[in-house]
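Have the viewer open as you read.

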Amino acid sequence: MSLRVPQIRHDDSDELAALCKAGGDPLRLNVLRALANDSFGVLELAQIFATGQSGMSHHLKVLAQAGLVATRREGNAIFYRRALAQSERIGGTLHAALLAEVDDLALPADITARIAEVHAQREAVSRDYFARTADKFQAQQDLIAGLPQYRDSVLAVLDALGFGAEASALEVGPGDGGFLPDLARRFARVTALDNSPAMLDLARTRCQEEGLGNVELRLADALNDPQAAADCVVLNMVLHHFAAPADAMKQLAQRVQPGGSLLVTELCSHNQSWAREACGDLWLGFEQDDLARWANAAGLTPGESLYIGLRNGFQIQVRHFAKPDSRSELTHR
């Protein structure tokens, strides 16, 4: 007499069960909270949550199987980020509700402190690179995308915005100051911020050579040091040097005057990992949707975008994000 082995049939309830399982652990919920506006590698998450790499890998596998986290390869490294809920899929409503509840959680102070440590480690790598390579800055930039390859596109977007004669501009991370003459001709006041004394010296030399009397150079942390808002904030190939680019977008949006603009020139996502060592890049470009999502979370509205394909295979995105003027909205009600 033979026994028939019952067949296990997988149905939609399996996806719901995976979501429930993934959300049934406090550490995994805190991982989702930590990934709300950032992405981390498994070693960074192990450091943040003071747990072993194998244990963290297990938790990430459970979250990935439930569709709650996604991965992105950055050269030889893999970074984890939160996956967006898709309402049309089974469990999409539960997924969205879980993330909404997670976002109301306050991370424990020790975890928040270790996230800051990871960010500080990333920032130290970037600062060290620019301190070591200031004298080779232009040659290093030209390996991927030098200013001449995208200057005209940035200026086309900038001129179309039609800033007034008294408008002000703020450039974050001006490098050797190559874009400052263009800004100085278009704005009454220009401020350039950099946290690298060596790079700021290069920009100062440029301003002196060009006689740019309306440009102020400041050694400062663009995200944390007090700074007056400007009508136009410009970032040319800078965002991929920030430890936490989504948070950086939110902070920089606060530097934009109501009715003003944030102008970002960045590399599109790529897999050329040599750029980390050769050019000090923390991130290998960004997806277009990522920038739009981060800008939206920062209260900015996407405007005109231009995309430039380069002969070396890289692609540049020139993105304009507008900050709504709540004062003008009130007058029109």
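This is a predicted model: local features need pLDDT of at least 70, side-chain atom pairs count only at pLDDT 80 or more; totals for chains, interfaces and linings use all residues.

Residues are numbered from 1 along each chain as its sequence is written, and side-chain values use heavy atoms, with hydrogens and water left out.

The protein's mean pLDDT (the predictor's confidence in each residue, from 0 to 100) is 86, and 90% of its residues reach 70 or more. Residues 329-333 are another story: pLDDT stays under 50 there, and the model gives them 1 contact beyond four places in sequence. Contact here means heavy atoms within 4.5 Å.

## Strands and how they pair

A word on the labels: helices (H or I, at least four residues) and strands (E, at least two) are DSSP runs numbered from the N terminus, and two strands pair if DSSP finds at least two bridges between them. S1 is joined to S3 (residues 77-82) by 2 bridges, and Gly41 has Phe79 in S3 as its bridge partner.

Further along, S9 (residues 301-309) and S10 (residues 315-322) run antiparallel, joined by 7 bridges. Pro302 has Phe321 in S10 as its bridge partner. The hairpin has 5 residues between the strands, and Gly313 takes a positive phi near 95°.

## Salt bridges

Side chains of opposite charge can pair when their charged atoms come close. The count here is 10 salt bridges, each being a side-chain nitrogen of Lys or Arg within 4 Å of a carboxyl oxygen of Asp or Glu. Asp182 pairs with Arg151, their closest N and O atoms 2.9 Å apart. That pair links distant parts of the chain, with Asp182 in helix H9 (residues 180-186) and Arg151 in helix H8 (residues 151-160), 31 residues apart. Asp182 counts as buried at 6% relative accessibility, while Arg151 is partly exposed at 24%. (Buried means under 20% relative accessible area, exposed over 50%, partly exposed in between, with a 1.4 Å probe and protein chains only.)

Asp176 and Arg206 form another, at 3.3 Å between the closest N and O atoms. Asp176 lies in the loop between strand S4 (168-172) and H9 and Arg206 in helix H10 (residues 197-210), so the pair ties together parts 30 residues apart in sequence. Arg293 and Asp290 also meet in a salt bridge (3.1 Å, N to O); they sit 3 residues apart in helix H13 (residues 288-297), about one helical turn. Asp38, Glu44 and Arg122 are linked in a network of salt bridges.

Leaving out residues up to four places away in sequence, Arg255 touches several residues, including Leu170, Asn224, Asp225 and Val233.

## Cysteines

The structure holds 0 disulfides (pairs of cysteine sulfur atoms within 2.5 Å). Cys207 counts as buried at 8% relative accessibility, and Cys268 counts as buried at 7%.
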